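Keep the structure open and follow along.

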Amino acid sequence: MTIAHHPTPETLAAFAAGTLDDARALVVATHVSLCPHCRGDVRAFEHVGGALLDRTPPSAMRDDALERALAALGTVAPPVDDRAPSLTIGDKSLPAPLAGHPLGPWRWIGRGVQWRSVGVSPVDDTRVLMLKAAPGTRLPHHRHNGIEWTCVLEGAFRHDLGRYGPGDFDEADESVEHKPVIEDGDICVCLVALQGGIALQSWLGRLIQPLVRI
């Protein structure tokens, strides 16, 4: 697997520090589980964070510090383990960070395109889903009302910013408009953290917008 597109250093640093929301952290964790280069970067950020903590003067903890820490245990993304097994659903093998997250049924949203929910509590209207598109599918020209972080699990797509294949990470926000095209060959499956909704840009897209709900 050759991975050409990675999260920004700022995103990897936030992931290592545990400051990303659950939705974005899951997509980054999935990429990191597939990318040796980013695993090394995350470990480096963790070491830097540990060194900074060692140099920080101690301060008194809040009375409810233990209760708050225990309450947060169920929401923190699991650590990346090189030896972690993949989750197998049917005949598809998914990266280990997805283990324990319930997956909804596949639902149709357009010709050749389906989506399914991923069980992560939404924060700031950011949720996680999987998208599946048939080879040769041309997705409508669209933009987003917030962030769109994508990790490709299988297959590949292209848009104005390049080609994205297995393991690649596409980090976009509301300033980006694109028109992805699925490459011929394999079905393309992606894990996506999506904030807000999708705004279709063509006249036909705006006509069918009320029918597109993801």
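## Around threonine 30

Leaving aside residues up to four places away in sequence, threonine 30 touches Pro95, Pro97, Leu98, Cys151, Leu153 and Leu191. Bear in mind that this is a predicted model.

Where in the fold does threonine 30 lie? Look in helix α2, which covers residues 22-34. Threonine 30 counts as buried because its relative accessibility is 0%, and the cut-off for buried is under 20%.

## Aromatic pairs

How many aromatic pairs does the structure hold? There are two. One of them joins tryptophan 149 and phenylalanine 169 in an edge-to-face arrangement, with 5.8 Å centre to centre and 65° between the planes. This pair links distant parts of the chain: tryptophan 149 is in strand β7 (residues 148-154), phenylalanine 169 is in strand β10 (residues 169-172), and the two are 20 residues apart. Are tryptophan 149 and phenylalanine 169 buried or exposed? Both are buried.

Phenylalanine 157 and tyrosine 164 also form an aromatic pair, and this one is stacked, at 5.2 Å centre to centre with 15° between the planes. To call a pair stacked, the planes must be under 30 degrees apart. Phenylalanine 157 and tyrosine 164 are both buried, too.

## Charges over rings

Tryptophan 149 turns up again here: the charged end of arginine 24 sits over its ring, 5.1 Å from the centre. So that you can find the other example, go to tryptophan 106, where the charged end of lysine 132 sits over the ring at 4.3 Å from its centre.

## A three-stranded sheet

Now for an open sheet. Three strands make it up, in the order β9-β8-β12, and the pairing is antiparallel. Which strands stand at the edges? They are β9 (162-164) and β12 (181-182); each has a single partner strand, so one side of each is left without a neighbour in the sheet.

Strand β8 (residues 157-159) pairs with β12 in the antiparallel sense over two bridges.

Terms used. Residues numbered from 1 in each chain as written. Predicted model: local features only at pLDDT ≥ 70, side-chain atom pairs only at ≥ 80, totals over all residues. Heavy atoms only, no water. Helix = DSSP H or I, 4+ residues; strand = E, 2+ residues; numbered from the N terminus. Buried < 20%, exposed > 50% of the residue type's maximum accessible area, 1.4 Å probe, protein only. Contact = heavy atoms within 4.5 Å. Phe/Tyr/Trp six-rings, centres within 6.5 Å; stacked < 30°, edge-to-face > 60°. Lys NZ or Arg CZ within 6 Å of the ring centre and 35° of its normal. Pairing = 2+ DSSP bridges.
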